[in-house]
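Reader: I am new to this structure. Please take me through the ligand site, step by step.

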Amino acid sequence: MTVKQNFAQIHQEIQEACERVGRDITNVNVIAVTKYVSDERAQEALDAGIHHIGENRAEEGLKKWHNLNGKGTWHFIGSLQTRKVKEIIDKFDYIHSLDRLSLASEIQKRASKKTKCFVQVNVSGETSKHGLDPEELFSFVKELDKYPLIEVVGLMTMAPFEDPEATRPFFKKLKELQQNVQALNLPYAPCKELSMGMSNDFQIAIEEGATFIRLGTSLVGE
Ligand SMILES: *Cc1c(COP(=O)(O)O)cnc(C)c1O
């Protein structure tokens with residue numbers, strides 16, 4: 001299947017999920033996660049009109065960025081080592097994995113302009129997952145006022161890989177946390193966005209308010 005064919009099917013499913021809960025499809029952004037696939041396949045995603053590209057590793061992501069001439073909007077979705085920040089900071093438009101102050105400090109040091117960040121939260125409590133404990137989130141976000149080049153655009157989570165319906169409570173929880181951070185009205189943390197939902201559970205994530213879904217396998221392949 002071409003990316004375009006996959007996207008036609010997925011677009012239909014996104015539309016249906018939006019209709020079930022009365023959401024406007026224009027508020028759901030699709031990120032093509034190209035970490036498993038070739039540059040050509042990533043280019044196919046751009047050609048199919050998907051301009052958000054997601055990569056989870058610095059080396060491979062930078063290579064793709066160069067081979068695709070930096071076209072599109074680039075999302076760093078994996079856990080980010082502090083020492084890699086300087087390499088990716090002017091190439092990636094969004095960082096989805098802000099989860100510690102040492103990373104915030106390095107972004108502040110290396111960025112030449114405001115950087116759109118999602119704070120990653122571990123809502124499932126699985127020890128294998130990265131991200132902040134929900135209890136730490138408020139104090140973490142408040143500390144970020146010391147790093148003026150960081151803009152907290154939203155929250156991100158990775159749900160446990162299980163029956164999609166079983167992920168719903170985790171998405172609900174992330175939405176609740178997002179609304180609570182938004183309600184703090186911090187100028188540097190508009191926190192309107194929710195990065196949640198992958199190939200197996202994006203419909204549920206959309207029903208629960210996702211504004212960025214991250215699709216690898218189902219969209220561009222393995
Ligand atoms: C790989 C990855 C995805 C995409 O996963 P699929 O199940 O292939 O859609 C989404 N988010 C993150 C953080 C990933 O690492």
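Author: Start with T217. One of its polar side-chain atoms lies 2.4 Å from an oxygen atom of the ligand. That is a polar contact, meaning a pair of N or O atoms within 3.5 Å. The protein covers 93% of the 390 Å² of accessible area that the ligand has on its own. Such areas come from the Shrake-Rupley method with a 1.4 Å probe.

This is a predicted model, where local features need pLDDT of at least 70, side-chain atom pairs count only at pLDDT 80 or more, and totals for chains, interfaces and linings use all residues. Residues are numbered from 1 along each chain as its sequence is written, and side-chain values use heavy atoms, with hydrogens and water left out.

Two more side chains matter for this picture. An N or O atom in the side chain of K35 is 2.6 Å from an oxygen atom of the ligand. For R214, a side-chain N or O atom is 2.8 Å from a nitrogen atom of the ligand.

Now the wider shell. There are 13 residues around the ligand, and K35, S199, R214, G216 and T217 come nearest. A residue counts as near if one of its heavy atoms lies within 4 Å. By class, the shell has seven nonpolar, four polar and two charged residues. Here Gly counts as polar, while Lys and Arg count as charged.

How values were computed. Polar contact = N/O pair within 3.5 Å; in protein donor to acceptor, adjacent residues only side chain to side chain.
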